[in-house]
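The following paragraphs lead the reader through one protein chain, from its overall form to individual residues. Please keep the sequence and the model in view while reading.

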Amino acid sequence: MTVTVTTLKGVETKIGNEMLDELRMTIRGDVLTPEDPGYAGVRSAYNAMYPGRPSLVVRPSGTADVISAINFARENGLLVAVRGGGHSVAGLSSVDGGLLLDLARMNGVDVDPEARTVRVQGGALIGDMDHETQAFGLVAPSGVVSDTGVAGLTLGGGEGWVRRQYGLAIDNLLSAQVVCADGQVRTASADSNPDLFWAIRGGGGNFGVVTSFTFQCRPVGPTVAFAGVFHPVEDAENVYRQFRDWAATVPDEISALIGCTTLPASEHTPPQIHNVPMIVTGAVYSGDPEEGMKIIQPLRDIGTPLADISGPLPFVGVQTAFDEFFRRGTLRSYWKSTFVEDLTDPILDIIVAKARNRPHDRVFVIAFLMGGAINRVGATDTAYSERSAKWMVSIDGNWEDAADDDKVISWVRGAWGEVHEHGTGSLYLNFNSVADEAVTVGVESAFGSNLERLAAIKTTYDPDNFFRLNNNITPGA
Ligand SMILES: Cc1cc2nc3c(=O)[nH]c(=O)nc-3n(C[C@H](O)[C@H](O)[C@H](O)COP(=O)(O)OP(=O)(O)OC[C@H]3O[C@@H](n4cnc5c(N)ncnc54)[C@H](O)[C@@H]3O)c2cc1C
């Protein structure tokens with residue numbers, strides 16, 4: 001059979017049987033066309049707006065397969081999407097007509113308990129990593145939904161429940177193995193290709209396919225103090241202000257957030273919060289749980305909550321607590337984020353007004369407490385450059401019906417624009433959807449003065465912009 005595949009030039013090319021057979025001979029994993037029975041079983045993308053319909057899927061079993069797939073795609077000028085966990089909110093987990101390199105089979109995780117490091121393959125999910133590290137009472141800092149890919153999350157920064165004590169995922173990255181556009185495998189670390197190492201810590205998938213990451217682990221858990229308190233939206237002004245004032249006093253062991261949303265009924269949540277617009281406050285203390293429960297007590301004393309599920313919890317329980325509300329392939333998503341120096345009264349007024357007037361139940365308006373260890377890294381030490389803001393506000397549009405696309409997207413843009421006016425000018429690319437915009441949107445704001453260096457490194461490792469389905473850095477720009 002012959003498959004028609006989209007090229008880097010945006011035109012179509014035919015890949016015939018012979019060429020497919022040649023590719024198959026070099027790949028131990030799967031090479032799938034839409035005609036193959038396994039095609040339908042490929043793990044879906046998170047964002048239901050962008051399921052993708054690739055003409056060719058390669059599911060490598062290891063680095064050797066990745067090299068072969070990249071060489072094949074480059075030699076034939078094919079447009080390639082790289083999928084780690086598939087959670088791109090920008091919809092860049094797949095491609096229509098091109099080649100999808102889906103790393104799902106490469107989900108191995110190997111902990112070295114003595115060195116307190118973990119080596120994680122490029123298709124592993126946070127849940128895969130936490131399962132292994134927690135067996136040794138360790139974590140590699142990542143994100144808060146266990147179904148998210150370690151790869152995309154890390155390459156964009158990676159902020160989770162221990163961020164203020166231990167920094168972003170990239171701040172704990174020791175090295176990575178990268179298959180670059182020329183098919184060469186490079187180690188990126190402080191000692192080996194340090195420019196590449198700098199660039200992949202925030203610069204996304206622009207520089208190659210990361211087949212494995214090695215992280216420094218931290219001692220956290222197995223039990224941590226967790227705060228989860230739910231308030232009626234009517235009390236928003238009071239709750240937001242008291243939360244902000246409490247957050248100003250907490251040590252770095254606390255990472256915290258406040259948001260508004262409406263969650264569907266679930267057997268895992270108290271009935272008082274089912275389908276009720278509410279303000280959620282959440283926090284984790286990454287040290288001694290008993291001490292942590294004391295520090296989160298003032299948060300639990302705010303107002304008259306609808307429900308309070310706080311308590312000492314297994315760390316893996318915290319990491320999976322939100323999973324059921326973010327099932328892959330079920331929600332359409334359009335998110336925008338912005339960093340702010342502080343949650344000033346004018347910003348809180350905007351957030352509260354938006355909290356009361358969301359276009360869909362599942363839209364979140366969240367403020368993440370940042371700072372701590374994140375801000376102890378210099379703005380030019382890694383490609384990720386926002387190292388001074390204390391908060392990130394994210395407007396997360398989530399909905400089900402395609403008929404609501406325009407309504408929710410324009411609301412998110414409007415709400416984001418209002419907050420962004422008060423922001424540092426920077427944004428978080430992992431929370432940056434593009435919809436009808438170019439994939440370069442947000443890149444300049446996110447990288448600021450680091451962009452020039454990133455463009456030069458992109459020119460070194462990917463001069464033809466082979467890796468372009470990402471928050472794209474134009475070579476030499
Ligand atoms: C429900 C949900 C919860 C989230 N929670 C958090 C959170 O708590 N903290 C946080 O920081 N972010 C969070 N995110 C954002 C998340 O970090 C980004 O969407 C990230 O891109 C997801 O990575 P992935 O590997 O799953 O995605 P993918 O869609 O597989 O990849 C996204 C992009 O990363 C690149 N990429 C992926 N794998 C590789 C690889 N192995 N080598 C090279 N490039 C690669 C590609 O350019 C790809 O387009 C969340 C997203 C969702 C949808």
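Predicted model: local features only at pLDDT ≥ 70, side-chain atom pairs only at ≥ 80, totals over all residues.

A residue counts as buried when its relative accessible area is under 20%, as exposed when that area is over 50%, and as partly exposed in between. By this rule Arg 387, at 5% relative accessibility, is buried.

The chain as a whole comes first. Its secondary structure amounts to 13 helices and 21 strands. Along the principal axes, the C-alpha atoms occupy a box of roughly 70 × 55 × 45 Å. Does the radius of gyration agree or disagree with that of a compact globule? For 477 residues, a compact globule would have a radius of gyration near 23 Å, and the 22 Å of this chain agrees with that figure. Of the 477 residues, 59% count as buried.

The structure contains 24 salt bridges. One of them joins the side chains of Asp 171 and Arg 387, with an N to O distance of 2.8 Å. Where do these two residues lie? Asp 171 belongs to the loop between helix H5 (163-166) and strand E10 (173-179), and Arg 387 to the loop between strand E20 (364-369) and strand E21 (391-399); the pair therefore ties together parts that are 216 residues apart in sequence. Asp 171 is partly exposed, because its relative accessibility is 22%, whereas Arg 387 is buried at 5%.

A second salt bridge lies within a single helix. Lys 294 and Glu 291 are both part of helix H8 (residues 289-300), where three residues, about one turn of the helix, separate them. Their side chains meet at 4.0 Å, N to O. With a relative accessibility of 56%, Lys 294 counts as exposed; Glu 291, at 31%, counts as partly exposed.

A further pair is formed by Lys 458 and Asp 462, whose closest N and O atoms are 2.8 Å apart in a salt bridge.

Other charges gather on the surface. Asp 110, Asp 112, Glu 114 and Glu 132 form a patch of negative charge there. Within this group, Glu 114 is located in the loop between strand E7 (109-112) and strand E8 (117-121). Glu 114 is classed as exposed because its relative accessible area is 79%.

The backbone also deserves attention. Most residues other than glycine have a negative phi, and most peptide bonds are trans. Which residues does a cis peptide bond join in this model? The bond is found between Gly 221 and Pro 222, with omega at about 10°. Pro 222 sits in the loop between strand E13 (218-219) and strand E14 (223-232).

Positive phi values occur at two asparagines described here. Asn 193 has a phi near 50° and is part of the loop between strand E11 (185-189) and helix H6 (194-200). Its relative accessibility of 26% makes Asn 193 partly exposed. Asn 465 has a phi near 55° and lies in the segment after helix H13 (451-461). Asn 465 is buried, because its relative accessible area is 12%.

Val 276 is placed in the loop between strand E15 (254-261) and strand E16 (278-285), and its relative accessible area of 25% classes Val 276 as partly exposed. From Val 276 to Ala 321, 45 residues away along the chain, the C-alpha distance is 18 Å. Met 278 lies in strand E16 itself. With a relative accessible area of 0%, Met 278 is buried. The C-alpha atoms of Met 278 and Gly 423 are 25 Å apart in space, and the two residues are 145 residues apart in sequence.

How values were computed
Residues numbered from 1 in each chain as written. Heavy atoms only, no water. Patch = residues over 30% accessible without salt bridge, like charges linked within 9 Å, V, L, I, M, F, W, Y side chains within 5 Å. Areas by Shrake-Rupley, 256 points an atom, 1.4 Å probe, with all protein chains shown as cover. Lys, Arg positive; Asp, Glu negative; His and termini not counted. Charge placed at Lys NZ, Arg CZ, Asp CG, Glu CD. Helix = DSSP H or I, 4+ residues; strand = E, 2+ residues; numbered from the N terminus. Buried < 20%, exposed > 50% of the residue type's maximum accessible area, 1.4 Å probe, protein only. Rg over C-alpha atoms; globule rule 2.2 N^0.38 Å.
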